[in-house]
Amino acid sequence: MQTVKERVDTLEQVLHDFILQTNSAVAEMKASTEAFKAEMRDFKAEMRDFKAEMRAFKVNVENDQKERNRQWGALASRLGTIIEDIVAPAVRPAVREYFKKEPDWIGMRPIKRLGGEEYEIDALAVTDTQAFVVEVKTSPKTPHVDELLEKTSLFARFYPEYAGKRVVPILGSIVFPPEVVVYASKKQVYALAFREWQYMDILNFADVGAATQ
């Protein structure tokens, strides 16, 4: 049977072991806490980097050419400057690219008056063999194709100085509904608009074909 001293010594040893285990557990907990805090600091740093990358990405998207053109088109339509801002600058390169001609003259909204009648075109580009009659619509519809053809039928009367030149009708806009492009092709009218929101282009050149000289 244990003596009182032996029992006290045993209790002291148990208490000592308990204290050691407790201190070890506390130390491990502190180490885990510090490791967790370090991981959280790293995570926060990664999140800051990620947010910075997202901001840069957002800026790139906002500066993307397609988005700029889309916004530019919407703004130009609202302000009524669609011709000067978008379509008109595209007429010369379109004529050069597709018809292999350099316009000798391009006019914006030229107006001719004859016998009390007024004849206005949104844009007119003239080469040595062709006269490109450009009408612009913010929301093109199939009737606009017929209206353009009716206007081109009167061209020779108001512009006798261009007699002998082939009159080429072009309907311009920011974007065309597919059915309007199909109808324009059927009527031999070129559709000039943004292609994939990247650049102004004749959307149906292959369907209409090149205008003869």
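1. Helix H4 (residues 142-153) and helix H6 (residues 178-186) have axes that come within 8 Å and cross at roughly 30 degrees. Axes here are lines fitted to C-alpha atoms, for helices over the stretch in contact, and angles run from 0 to 180 degrees between N-to-C directions. H4 and H6 are therefore roughly parallel to each other; angles under 35 degrees count as roughly parallel, over 145 as roughly antiparallel, 65 to 115 as roughly perpendicular and the rest as oblique. Helices (H or I, at least four residues) and strands (E, at least two) are DSSP runs, numbered from the N terminus.

2. This is a predicted model: local features need pLDDT of at least 70, side-chain atom pairs count only at pLDDT 80 or more, and totals for chains, interfaces and linings use all residues. Residues are numbered from 1 along each chain as its sequence is written, and side-chain values use heavy atoms, with hydrogens and water left out.

3. On the contact of H4 with H6: H4 contributes Thr142, Val145 and Asp146, and H6 contributes Glu179, Val180, Tyr183 and Ala184, where contact means heavy atoms within 4.5 Å. These residues divide into four nonpolar, one polar and two charged. The classes are: Ala, Val, Leu, Ile, Met, Phe, Trp, Tyr, Cys and Pro nonpolar; Asp, Glu, Lys and Arg charged; the others, Gly among them, polar.

4. The sheet is open, has six strands in the order E1-E4-E5-E6-E7-E8, and its pairing is mixed. Two strands pair if DSSP finds at least two bridges between them. Strand E1 (105-108) and strand E8 (199-202) are the edge strands, each pairing on one side only. From one strand to the next the twist averages 20 degrees.

5. Within this sheet, strand E5 (residues 130-136) and strand E6 (residues 166-172) run parallel and are joined by seven bridges. Val133 has Pro169 in E6 as its bridge partner.

6. Two helices lie across strands of the sheet. Helix H3 (residues 82-99) lies across E1, strand E4 (123-126), E5, E6, strand E7 (190-195) and E8, at about 150 degrees to E5. H4 lies across E5 and E6, at about 150 degrees to E6.

7. Aromatic pairs come to 10, counting rings of Phe, Tyr and Trp (its six-membered ring) with centres within 6.5 Å; planes under 30 degrees apart are stacked, over 60 edge-to-face and the rest tilted. Phe99 and Phe132 form a tilted pair, 4.9 Å centre to centre with 55 degrees between the planes.
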